[in-house]
Amino acid sequence: MMNGYARGHAAPLFAVFLAATFCLSTFDITEHDYWWHLATGRYIIEGGWVPHRDVFSYTATRPWVAHYWLADVIGYTLYRFIGTPGLILLNAALITLSFSLVLRVALSAATPFIAVAASVVAVYASRSRFYVRPETVSFLFSGVYLWLLYRWKRTGAVWPLF
């Protein structure tokens, strides 16, 4: 556990880490999956059902499983209200929140400098997956899970794990 002196020195590092993580996860959308997910969400909302074959490719003849159908519907609904820039910022906020949880756990186990350095390495290693995609929520769930495990180890309370 950090003492008051270490906690006071960790605050500026924490702020710089969060700002850097947010900036690293904010960039233009270049992958085609973003538009595919939006189109699938629109198709489900307008048609009222989840497609069982690829309706976007002219060569599609095989069955297709829309694994992310709920995320596609949520993503398209958000897109209608906040547009692409809003989704980019929301994605960056989710990623930043996720890694802030990772950093909080790391700060409990190491000095502030080492915790921030390890968290920066984690952000950099994960950056290739920071696209605006449904899997971004997995980063958040992983961070929450790590934090809950840390709390369980520290307090012994099993209920939050459920």
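Once its neighbours within four places in sequence are set aside, valine 116 is in contact with Leu13, Phe17 and Leu103. The model described here is a predicted one.

**Nonpolar cores**

- The largest nonpolar core is built from eleven residues, and among them are Val116, Phe17 and Leu103, together with Ile95, Ala115, Phe130 and Phe139.
- Two or more residues of this core come from each of helix 3, which spans 69-109, and helix 4, which spans 112-126.
- Helix 3 gives the most to this core, contributing five residues.
- There is also a second, separate core of seven residues, which includes Leu38, Tyr76, Leu87 and Val132.

**Helix 3 against helix 4**

- Two packed helices are described by the angle between their axes and by the distance between those axes.
- For helix 3 and helix 4 the angle is about 150°, and the axes lie 9 Å apart.
- Because angles over 145 degrees count as roughly antiparallel, helix 3 and helix 4 are roughly antiparallel to each other.
- The crossing that helix 3 and helix 4 make is right-handed.
- On the helix 3 side the contact is made by Phe99, Val102, Leu103, Ala106 and Leu107, while on the helix 4 side the residues are Pro112, Ala115, Val116, Ser119, Ala122, Val123 and Ser126.

Technical notes
Residues are numbered from 1 along each chain as its sequence is written. This is a predicted model: local features need pLDDT of at least 70, side-chain atom pairs count only at pLDDT 80 or more; totals for chains, interfaces and linings use all residues. Side-chain values use heavy atoms; hydrogens and water are left out. A nonpolar core is a set of buried Ala, Val, Leu, Ile, Met, Phe, Trp, Tyr and Cys residues joined through side-chain atoms within 4.5 Å. Buried means under 20% relative accessible area, exposed over 50%, partly exposed in between (1.4 Å probe, protein chains only). Helices (H or I, at least four residues) and strands (E, at least two) are DSSP runs, numbered from the N terminus. Contact means heavy atoms within 4.5 Å. Axes are lines fitted to C-alpha atoms, for helices over the stretch in contact, and angles run from 0 to 180 degrees between N-to-C directions. Angles under 35 degrees count as roughly parallel, over 145 as roughly antiparallel, 65 to 115 as roughly perpendicular and the rest as oblique. A crossing is left-handed if the near helix is turned anticlockwise from the far one by less than a right angle, and right-handed if clockwise.
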